[in-house]
Amino acid sequence: MLIKIGKWLLFILFALTITGAFIWAPLKEGLGEFTRVIYFHVPMAWMAVLFFLLAAYYSYRYLQSKNLLFDAYAQVSNEMGILFAILATVTGSIWAKQIWHSYWNWDPRETSIFILLLIYGAYFSLRSALEQEDRRARLSAVYSLLAFVSVPFFVFIVPRIYFSLHPEPVLNAQGKINMEARQRIVFFSSLILQTVLFLWVFNIRRTQVKLKMILRRYEETKTFKEN
Amino acid sequence: MKQTYLILIKDLQQEFKTRYAINAILLFAIVTLSAVSFAIGTFTAGEQVLSALFWVILFFSSMSGLSHIFIREEETQTADTLKLVAKPVHIFLGKFIFNLLLLMVLEVVLVPLFIALMNFQLQSSAIFFLTLLIGNFGLAGGGTMVAAIISKASAKGALFTVLSFPILLPVLISGISATKKAAAESALSSAQSELQALFAYSVIIITASILLFDYVWNE
């Protein structure tokens, strides 16, 4: 019952936020209508980093416990992560065409999301090159953690050292948020609601993977007993 | 410490017998360098292009040779014996130092040739050689670790470059930027932030590799 109410609440709030992003929130001077991308682009980039963190966490759990379930979770997080990294790249690139007049110009922010995409790509090509299941799980977990070392460098350090045209990030050096009140409300509700929605999607995928694994174990023991 | 030394000596002796890695890495560097030199000529490229080209040649030549250290153990099926005689940390360090030496040999050949063929003028050789020295640690650290990961996979050669690139890109970016400074300015302090970033990243990647190597090596 509580879950059902939560779902309806999420639906209504989401509808309100999307409407608010297009109608209610004021535009920023100089950016015009292109201000509105912030309510969708920034949460996507945030989700890409969040799923990357989750993948590293599950990889660590796998190495600790050697339970293949955690490896499957790590794979699911990486799948969701690559999806959001692509979405953030595409929305950012279209926005850049309008404001900077080029789809891609190796701004530090563009470099950092590109590296994130490369790491995700490398992770999946490593998985496809390893056949033995526990070896695949172990080595891709190690790679996930190793790549995790370089990501903070790109996401948090490089864009702050080198000159960037990118609008100031939400967590900027001064710790201030340069937004009007109504923009702020829409932005943060969009950020929170998207996080909740996609973590919920992630949870469904997790359950699905878990059930698949239980089913497989059951069938394996069944054939084992028949023989 | 002694075990690390013994593994290094063993790898050096093996390398002297076949000279596989050193040949691959040096020939790759010379071929790329001459191709670039033919295409660009001596006086046309500025220091910006040249410092990027230098690191591109260095990176891809090292990609052709650094992975051999672990692939060799798999091909000759000596990995299991090695597991019995030495601790993982010592194996990693021994092979890391071997790759470090390999990169230094590469640079001893590549740097004079590059300076001569491309007419690359250094304002500050201190910055340049310091960048190379710290960069070597980063390249060898990341390269050795990825080599250990891919030695069990199929399609090793292509995979090695694909996996190394995102991990070694911070080294590449700060290396290129520091080399530009070496060509443009003479004071060592002008490249301070690049050298700091390079040093910090090399330390981080080597530490992470040592911590994670246990999981790669022990099945």
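The legends below describe close-up views of a predicted model.

Residues are numbered from 1 along each chain as its sequence is written, and chains are lettered from A and ligands numbered from 1 in the order in which they are written. In this predicted model local features need pLDDT of at least 70, side-chain atom pairs count only at pLDDT 80 or more, and totals for chains, interfaces and linings use all residues, while side-chain values use heavy atoms, with hydrogens and water left out.

**View 1. Chain A holds six helices and zero strands.**
Read from the N terminus, its elements run α-α-α-α-α-α. Helices (H or I, at least four residues) and strands (E, at least two) are DSSP runs, numbered from the N terminus. Of the 227 residues of chain A, 44% are buried; buried means under 20% relative accessible area, exposed over 50%, and partly exposed in between (1.4 Å probe, protein chains only). Chain A exposes about 12,700 Å², with 68% supplied by carbon and sulfur atoms. Accessible areas come from the Shrake-Rupley method with a 1.4 Å probe, and for residues only the protein chains shown count as cover. Among contacts in chain A between residues at least 6 apart in sequence, 73% join residues at least 24 apart. A contact means heavy atoms within 4.5 Å.

**View 2. Chain B meets chain A through 27 of its residues, which contact 26 residues of chain A.**
The two chains bury about 2,400 Å² between them, and carbon and sulfur atoms account for 76% of that area. Buried area is the accessible area (1.4 Å probe) that two parts lose on being put together, summed over both. B:Ile149, B:Pro166 and B:Tyr215 supply 24% of the area that chain B buries against chain A, more than any other three residues. Helix 7 (125-150), helix 8 (156-184) and helix 9 (192-217) of chain B each supply at least two residues of the side that touches chain A. The largest share, ten residues, comes from helix 8 of chain B. By class, this side of chain B has 21 nonpolar, four polar and two charged residues. Ala, Val, Leu, Ile, Met, Phe, Trp, Tyr, Cys and Pro count as nonpolar, Asp, Glu, Lys and Arg as charged, and the others, Gly among them, as polar.

**View 3. Three residue pairs are in polar contact across the interface of chain B and chain A (both residues at pLDDT 80 or more).**
A polar contact is a pair of N or O atoms within 3.5 Å; within protein, one must be able to donate a hydrogen and the other to accept it, and residues adjacent in sequence count only if both atoms are side-chain atoms. Between chain B and chain A the count of salt bridges is zero. A salt bridge is a side-chain nitrogen of Lys or Arg within 4 Å of a carboxyl oxygen of Asp or Glu.

**View 4. A:Asp71 and A:Arg127 form a salt bridge, with the closest N and O atoms 3.1 Å apart.**
A:Asp71 lies in helix 3 of chain A and A:Arg127 in helix 4 (residues 108-129) of chain A, so the pair ties together parts that are 56 residues apart in sequence. A:Asp71 is buried, at 7% relative accessible area, and A:Arg127 is buried at 8%. Over all chains the structure holds twelve salt bridges.

**View 5. A:Arg216 forms a salt bridge with A:Glu133 (3.0 Å, N to O) and another with A:Glu220 (closest N and O atoms 3.5 Å apart).**
A:Glu133 belongs to helix 5 (residues 133-161) of chain A and A:Arg216 to helix 6 (residues 181-226), so this pair ties together parts that are 83 residues apart in sequence. A:Arg216 and A:Glu220 both lie in helix 6 of chain A, four residues apart, about one turn of the helix. A:Glu133 is partly exposed at 30% relative accessibility, A:Arg216 is partly exposed at 35%, and A:Glu220 is partly exposed at 44%.

**View 6. A:Leu83 is found in helix 3 (residues 68-99) of chain A.**
A:Leu83 has 46% relative accessibility and counts as partly exposed. Its C-alpha atom is separated by 9.4 Å from that of A:Leu117, 34 residues away along the chain.

**View 7. Helix 4 (residues 68-75) of chain B has six of its eight residues buried, so it is largely enclosed by the rest of the structure.**
The buried residues are B:His68, B:Ile69, B:Phe70, B:Ile71, B:Arg72 and B:Glu73. Just after this helix, B:Gln77 takes a positive phi of about 55°.
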